[in-house]
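Please read it alongside the sequence and coordinates shown here.

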Number of protein chains: 2
Amino acid sequence: MVGALHEFKAELFKALGHPIRLRILELLMSGEKTVSELQAALEIEASSVSQQLSLMRARQLVDARKNGTNVFYTVRDPLIFDLLTIARQIFEHQVAQMSSLLSVEA
Amino acid sequence: MVGALHEFKAELFKALGHPIRLRILELLMSGEKTVSELQAALEIEASSVSQQLSLMRARQLVDARKNGTNVFYTVRDPLIFDLLTIARQIFEHQVAQMSSLLSVEA
DNA sequence: TTACAGTATTCAAATAATTAGAGATTAGGA
DNA sequence: TCCTAATCTCTAATTATTTGAATACTGTAA
């Protein structure tokens, strides 16, 4: 079943296709964080953070660990960070390309 | 401006978050293809293929080269393929993890 | 035990964004 | 002119996002 892989990839990329979720993942690069910590860093409603986390939980991007009244989140697969890194490289390529188009020697 | 990078990444991943677009990119891994070729391989309406290509053109994922009545498409940045490869690895990790949960020794 | 405060999630309604499909349109070649 | 390739435009249907209020859960203090 080759369609399953396509569907999985599409769902994965869709989950990454939102600025808030990307920012959450970046915050989780430095280790686990509680919802409160994320909420404070992002400066948005707690319910929004919770909903985005719920979506990423459903797609297995993050894991939740409960401790008292706090819930700590971590990124499940470090390869996620590789995706973010490559995306930044693609961005840099595009910026470089645009710069060269603007320069006189292009 | 750190927000620009987040927006760019979100747009990039959003563009990848669709099964048809992923399949198009995979078809382009083996080199440039015309819309007709893509349409035949995907078995969907030409106008749909064109729509998806137009979206990927807008986000600079693909380049179009016109030759007579044909338009040849290529992937602009090979790093795109790296994203697809890593996505597959993440998929494999999840499958492996699910298998181990099902096995007796887990 | 009861009440309270802090943390996180869920729900529902309104809004916004994507998608699919069909038809019209443009451009090039025979 | 006629045909083919590709794109564009429009609409309906679906899906995603936002916001605020309501709900659950935990630990603690009275």
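Predicted model: local features only at pLDDT ≥ 70, side-chain atom pairs only at ≥ 80, totals over all residues.

Among contacts in chain A between residues at least 6 apart in sequence, what percentage join residues at least 24 apart? The share is 48%.

**Fold and dimensions of chain A**
- Chain A contains five helices and three strands.
- The order of these elements along the sequence of chain A is α-α-β-α-α-β-β-α.
- The C-alpha trace of chain A spans about 60 × 40 × 20 Å along its principal axes.
- The radius of gyration of chain A is 17 Å, whereas a compact globule of 106 residues would have a value near 13 Å.
- Buried residues make up 24% of the 106 residues of chain A.

**Packing of α2(A) and α4(A)**
- Helix α2 (residues 19-27) of chain A packs with helix α4 (residues 46-58) of chain A at an angle of about 80°, and their axes are 10 Å apart.
- Angles of 65 to 115 degrees count as roughly perpendicular, so α2(A) and α4(A) are roughly perpendicular to each other.
- On the α2(A) side the contact is made by Ile20(A), Arg21(A) and Ile24(A), and on the α4(A) side by Ser48(A), Gln52(A), Leu53(A) and Met56(A).
- By class, the residues of this contact of α2(A) with α4(A) are four nonpolar, two polar and one charged.

**Surface near DNA strand C**
- DNA strand C is surrounded by 20 residues, of which the closest are Thr34(A), Val35(A), Ser36(A), Ser47(A) and Ser47(B).
- Two or more residues of this surface come from each of α3 (35-42), α4 and β3 (70-75) of chain A, and from α4 (46-58) of chain B.
- α4(A) gives the largest share of the surface near DNA strand C, with six residues.
- The surface near DNA strand C has 13 polar, six nonpolar and one charged residue.

**Contact between chains A and B**
- Chain A and chain B each put 29 residues into their contact.
- On the side of chain B that touches chain A, at least two residues are supplied by each of α1 (2-16), α2 (19-27) and α5 (79-102) of chain B.
- Twelve residues, the largest share of that side of chain B, come from α5(B).
- The side of chain B that touches chain A divides into 15 nonpolar, seven polar and seven charged residues.

Terms used: Residues numbered from 1 in each chain as written. Chains lettered and ligands numbered in written order. Axes fitted to C-alpha atoms, helices over the stretch in contact; angles between N-to-C directions. Helix = DSSP H or I, 4+ residues; strand = E, 2+ residues; numbered from the N terminus. Parallel < 35°, antiparallel > 145°, perpendicular 65-115°, else oblique. Contact = placed C-beta atoms within 7 Å. Nonpolar A, V, L, I, M, F, W, Y, C, P; charged D, E, K, R; others polar. Rg over C-alpha atoms; globule rule 2.2 N^0.38 Å. Buried ≥ 20, exposed ≤ 12 C-beta atoms within 10 Å, placed from the backbone. Near = placed C-beta within 6 Å.
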